[in-house]
Amino acid sequence: MVATGVVQADDFIVYSPHVLATQSEIELRGYGYGDPRADFNGGNAAELSVSHAFTDWWKPEIYLTRYEKEPGSGGRLLGYEFENTFQFTQPGEYWADFGFLASYEHQIVAGKPDAVEFGPLVEKTVGRFTHRFNAIWEKQVGAGAGGKYEFRYSYSGTYAVSAAFRPGIEAYARPADDAYQAGPIVAGEWHVPGTTSSLEYRFGVVLGLNAAAPRRTWLTQVEYEFF
């Protein structure tokens, strides 16, 4: 998601580097601030995307709808995004699994430049514990683009009680805003009987660790996967 308003927005997701060949996905995710301060009050966003993994190392994803409501103003559609996940190593081949994210955001809001995002994705599984780390740079491009690269990083750690129940924590950092957040999440996957499809979910809340971050950010994600 692109930066707007007083604070920088965040995707509030920690990407996996894994790509499963021929799998298609429909995903809806969003977030909402729970903070009465003017810089955050009423802010929320949502995205709807579709993807298909054409190979075992490349998964393109198109964000068909990107909605955002800035604090203190009305909601609006932002534009579209073309995102690519590249898997560089096979699971377990090295001490961790590595991939890369690259995306282009096209804005339909007048005066807002397009943007590119890119950065490495890392995942490590030890027993029932899975750790993920993303480091993402964002740069505006085109007319009116700023010259700075915005950097953010994120971490996810979960424990698989079962495939359908994986509690854990997520943490997000945006140094340009001096904003740091962390909090509990729960995620899981449920296989649809008699099919090759499954439903994934993720819900949680990340809390502001300093005054520049929203006090609470509620996270929601639902995904339908099929072959």
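This briefing describes the fold, the pocket and cavities, the aromatic pairs and several individual residues of one protein model.

The model is predicted: local features need pLDDT of at least 70, side-chain atom pairs count only at pLDDT 80 or more, and totals for chains, interfaces and linings use all residues. Residues are numbered from 1 along each chain as its sequence is written, and side-chain values use heavy atoms, with hydrogens and water left out. The protein has zero helices and 13 strands, where helices (H or I, at least four residues) and strands (E, at least two) are DSSP runs numbered from the N terminus. The largest pocket has a volume of about 1,000 Å³, and the structure holds 16 aromatic pairs.

**Overall fold**

- Read along the sequence, the pattern is β-β-β-β-β-β-β-β-β-β-β-β-β.
- The C-alpha trace spans about 45 × 35 × 35 Å along its principal axes.
- The radius of gyration is 17 Å, which agrees with the value near 17 Å for a compact globule of 227 residues; the radius is taken over C-alpha atoms, and the globule rule is 2.2 Å times the number of residues to the power 0.38.
- Buried residues make up 44% of the 227 residues; buried means under 20% relative accessible area, exposed over 50%, and partly exposed in between (1.4 Å probe, protein chains only).
- Of the contacts with a separation of 6 or more, 50% come from residues 24 or more positions apart, a contact meaning heavy atoms within 4.5 Å.

**Pocket and cavities**

- On a 1 Å grid over the protein atoms alone, a cavity is a set of points where a 1.4 Å probe fits but cannot get out, whereas a pocket is an open set with protein on both sides within 12 Å along at least five of seven lines; lining residues have an atom within 4 Å of a point.
- Grid points are joined across faces, edges and corners, and a volume is the space filled by probe spheres set on the points.
- The largest pocket is lined by 44 residues, and S16, R132, E200, E223 and E225 lie nearest its centre.
- The lining of the largest pocket divides into 15 nonpolar, 14 polar and 15 charged residues; Ala, Val, Leu, Ile, Met, Phe, Trp, Tyr, Cys and Pro count as nonpolar, Asp, Glu, Lys and Arg as charged, and the others, Gly among them, as polar.
- The structure holds two cavities of 30 Å³ or more, and the second largest cavity has a volume of about 50 Å³.
- Lining the second largest cavity are D10, D11, I13, Y15, I136, R152, Y153, S154 and Y172, which divide into five nonpolar, one polar and three charged residues.
- Strand 9 gives the most to the lining of the second largest cavity, with three residues.

**Aromatic residues**

- Rings of Phe, Tyr and Trp (its six-membered ring) pair if their centres lie within 6.5 Å; planes under 30 degrees apart count as stacked, over 60 as edge-to-face and the rest as tilted.
- Among the 16 aromatic pairs is that of F118 and Y149, which is edge-to-face, with 6.4 Å centre to centre and 80° between the planes.
- This pair links distant parts of the chain, as F118 is in strand 7 (residues 114–126) and Y149 is in strand 9 (residues 149–159), 31 residues apart.
- F118 is partly exposed at 28% relative accessible area, whereas Y149 is exposed at 52%.
- One aromatic cluster is formed by F118, F133, W137, Y149, F151 and Y153.

**Residues with a positive phi**

- Most residues other than glycine have a negative phi.
- F12, in the segment before strand 1 (24–33), has a positive phi of about 50° although it is not a glycine, and F12 is buried at 2% relative accessibility.
- T22 also lies in the segment before strand 1; T22 has a positive phi of about 75° and is partly exposed at 44%.

- P167 belongs to strand 10 (residues 166–174) and is partly exposed at 26% relative accessibility.
- Beyond its neighbours within four places in sequence, P167 contacts G157, T158, Y159, V161, I185 and V186.
- P167 and I185 are 18 residues apart in sequence and 5.9 Å apart in space, C-alpha to C-alpha.
- A96 lies in the loop between strand 5 (79–87) and strand 6 (97–107) and is buried, with a relative accessible area of 1%.
- Not counting residues up to four places away in sequence, A96 touches T89, V122, E123 and K124.
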